[in-house]
Amino acid sequence: MQKQYSHYSNITKEILDTVKVGDLIKINDWKKPMRVKAVSENYFVMTNKQFGDTYYSVCSKIPWGSEGMRHNRMIGGMFHCGTDNWILGTPLSVDYENIYEFNDEESNKLYLQEFENGETSISEKRGGAIYDLYIKAVN
């Protein structure tokens, strides 16, 4: 029997804390899932390949902003996902080739540490609120 996605429309930190490396994630109306590559205390990063390119998204386990606040697709009090806010990419790319492939455990940990330390955050231009979360756990 094939394992199904668990659907959540009332997302909490406790639900986001269940996400593990290897899990498949779909958010809102995504047709194609992303695979979780790294998890930290307050974030996880996931990727998928499309037409030979790797796309990534970082999910925050911390609600964004103040309740009622809005900016682009960011909504205060909700959980969000999106790309980082580095204009030319993370400075870690100087030392780690292809860091945005997320295939190196060490660089993945350092990348998420940039979020934990407040050096970067989810881009307010390219991020969006999570209304529906679908998790297909690996175990």
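Reader: Where does K26 lie relative to Y5?
Author: K26 lies over the face of Y5, 4.5 Å from the ring centre. A charge counts as over a ring if NZ of Lys or CZ of Arg is within 6 Å of the ring centre and within 35 degrees of the ring normal.

Reader: What kind of model, and which atoms go into the side-chain values?
Author: This is a predicted model, in which local features need pLDDT of at least 70 and side-chain atom pairs count only at pLDDT 80 or more, while totals for chains, interfaces and linings use all residues. Side-chain values use heavy atoms, with hydrogens and water left out, and residues are numbered from 1 along each chain as its sequence is written.

Reader: Strands next. How many bridges join β2 to β3?
Author: Two bridges join β2 (residues 24–27) to β3 (residues 34–39), and the strands run antiparallel. Strands are DSSP runs of E with at least two residues, helices are runs of H or I with at least four, and both are numbered from the N terminus. Two strands pair if DSSP finds at least two bridges between them.

Reader: Which residue in β3 stands opposite L24?
Author: R35 does.

Reader: And what is in the turn?
Author: The β2–β3 hairpin has six residues between its strands, and N28 in the turn has a positive phi of about 50°.

Reader: How does β3 pair with β4?
Author: In the antiparallel sense, over four bridges, with β4 spanning residues 43–50. V36 has M46 in β4 as its bridge partner, and a hairpin through three residues joins the two strands.

Reader: Switching to aromatics. How many pairs?
Author: The structure holds eight aromatic pairs. Rings of Phe, Tyr and Trp (its six-membered ring) pair if their centres lie within 6.5 Å; planes under 30 degrees apart count as stacked, over 60 as edge-to-face and the rest as tilted.

Reader: Why is Y100 with Y111 edge-to-face?
Author: Because their planes stand at 80°, with the ring centres 5.9 Å apart. Y100 is in the loop between β8 (80–82) and α2 (105–116), and Y111 is in helix α2, eleven residues apart, so the pair links distant parts of the chain.

Reader: Buried or exposed, Y111?
Author: Y111 is buried at 0% relative accessible area, while Y100 is partly exposed at 23%. Buried means under 20%, exposed over 50% and partly exposed in between, with a 1.4 Å probe and protein chains only.

Reader: What about Y111 and F115?
Author: Edge-to-face, with centres 5.4 Å apart and planes at 65°. Y111 and F115 are both buried.

Reader: Which residues make up the cluster?
Author: Ring pairs link Y43, Y56, Y100, F102, Y111 and F115.
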